[in-house]
Amino acid sequence: MIDLHGFGDQLLQGAIITVELAFASLVVGLILGLLGASAKLSSIKVLQWIANAYTTIIRGIPELLTVLIIYFGATSVLMSVASLFGYDEYIEIGAFTAGVTALGLTFGAYATEVFRGALQSIPKGQHEAATAMGMGKVRKFYRIILPQVWRMALPGLGNLFLVLLKDTALVSVVGLDDIMRKANIAVSTTKEPFLFYSAAACMYLILTIVSMVAVHYMEQKASRGIKRA
Amino acid sequence: MEFSVVISYFPRLLDGAWVTFQLVLLSIVLGAIFALPIALARISSSPLVRVFPFLYIFFFRGTPLLVQIFLVYYGASQFEVVKESIFWPILREPFWCAIIAFTLNTSAYTAEIFRGAIQAIPVGEVEACKVVGMTRVQMYRRILLPRAFGIVLPAYGNEIILMLKGSALASTITLLDLTGMARTIIARTYTPIEIFLAAGVIYLVISMVIIAIFKQVEKRQNRYLGPINVKVPDKG
């Protein structure tokens, strides 16, 4: 058996942090994605402009840079805002918060495009039928539109989640105790980099496989109303 | 906000951008060269041939690029055999380690893109090739690969931009690419927002240039799909 020098449980703890980070960012990203898509499809020019700027900027700069900007930049922004209100203590945001913000923003930017495509793929007749049945805007959205958008968007969102899962490794650079950082710590004491980075790679692969299977089942459940000939 | 720092350190950032450019260019060229045989093996009819590219692609697409870089840069040095081999002068250099990791990574993604493009070519065209008596090599060289090249372009442009963004990870193995240079400057000036934003703008500009280039190439490559411009002679 492979000897992990007692760092096995450390790596597992790291895996829990990685999964927590991935899910927290997923939630933030899904909300941002839906908001972004609604803004892009809205008739208000300013909202369209903001959403376009958001997706262009976030998708054009490296994820690592986003993480670094949020982690190092948010502190000074928060402090200068707080000092306007007369609060001069040192404010620090943690690596986890910075990670969720950065990865959520990234996921949201890509999810905006996925949701926009899905929203546009719903025939106009569906909207009209729902309105004709007397549904209000909100009810129409969660009864008719959202279930269909969900089905259309799931494959794209699944891919984005796999990307997100791998991007979580970047947050180790600012000191979050995820799989990657636990592996770094283990390497610095045991001097066996190949062993521990391979172990980390295996853990990411397992997480990837589990997510792929989960997405597959969710896709099947979401499209149960659609029979394949 | 003090943007005078950006102006005084801008030449250094451009030095970093040059390293980023070299990293991206070398790894996408090498990656594309490796990707073609991987893609062709991936669509082989023999399951034994298919399984290796499948595992290769699965590993490189399923693990973070950061792990892959660390495996090459730190991992290789665990073994005395590697340290004594002729490859050590290369594996000692962070630049070449980054190139190796990026090339392996992008070749896996590119292989999948190539495979998708080759499989997207209608069966009728393959049949037509066989009917006119082309050999396999002729079919690939004359019909399938040029056709695949046109199909591949949009996805391949995206892959290059992903590689550009991935290249920021080179800064984690002490390379002074655009991100690495920004971090070095910040360590001295302590102005994270200004310098990181400047680096972000440079990345944005590079991506926009890549997008513009690909639009042109795509237009040229797929010009047979565009609107037909036939000059109708005036009725005299």
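Residues are numbered from 1 along each chain as its sequence is written, and chains are lettered from A and ligands numbered from 1 in the order in which they are written.

**View 1. Confidence of the prediction.**
The predictor assigns the complex an ipTM of 0.88 and a pTM of 0.89. Where pLDDT is low, the predicted coordinates should not be read in detail.

**View 2. The helices and overall dimensions of chain B.**
Chain B contains 10 helices and zero strands; helices (H or I, at least four residues) and strands (E, at least two) are DSSP runs, numbered from the N terminus. The C-alpha trace of chain B spans about 70 × 65 × 25 Å along its principal axes. Chain B is more spread out than a compact globule, because its radius of gyration is 22 Å, well over the 18 Å that the globule rule gives for 236 residues. Here the radius is taken over C-alpha atoms, and the globule rule is 2.2 Å times the number of residues to the power 0.38. Of the 236 residues in chain B, 38% are buried. A residue is buried if 20 or more other C-beta atoms lie within 10 Å of its own, exposed if 12 or fewer, and partly exposed in between, with C-beta atoms placed from the backbone.

L36(B) belongs to helix α1 (residues 4-42) of chain B. This residue is partly exposed, because 17 other C-beta atoms lie within 10 Å. I211(B) is 175 residues from L36(B) along the chain, and their C-alpha atoms are separated by 23 Å.

**View 3. Two residues of chain B with positive phi.**
Most residues other than glycine have a negative phi. T174(B), which is not a glycine, has a positive phi of about 65°. It is found in the loop between α8 (136-166) and α9 (178-189) of chain B, and is exposed, with 12 other C-beta atoms within 10 Å. Y190(B), also a residue other than glycine, has a positive phi near 60°. Y190(B) is located in the loop between α9 and α10 (192-221) of chain B and counts as exposed because it has 11 C-beta neighbours inside 10 Å.

**View 4. The contact between chains A and B.**
Chain A contributes 28 residues to the contact and chain B contributes 24 residues; two residues are in contact if their C-beta atoms, placed from the backbone, lie within 7 Å. On the side of chain A that touches chain B, two or more residues come from each of α2 (45-60), α3 (63-84), α7 (179-190) and α8 (193-222) of chain A. The largest share of that side, nine residues, is given by α8(A).

**View 5. The largest nonpolar core.**
A nonpolar core is a set of buried Ala, Val, Leu, Ile, Met, Phe, Trp, Tyr and Cys residues joined through C-beta atoms within 7 Å. The largest core has 116 residues, of which V67(A), A183(A), A200(A), V67(B) and I69(B) touch the most other members. Helix α6 (residues 94-120) of chain B supplies the largest share of this core, 14 residues. Not counting residues up to four places away in sequence, V67(A) touches A98(A), G99(A), A102(A), L170(A), V171(A), V173(A) and V174(A).

Conventions: Predicted model: local features only at pLDDT ≥ 70, side-chain atom pairs only at ≥ 80, totals over all residues.
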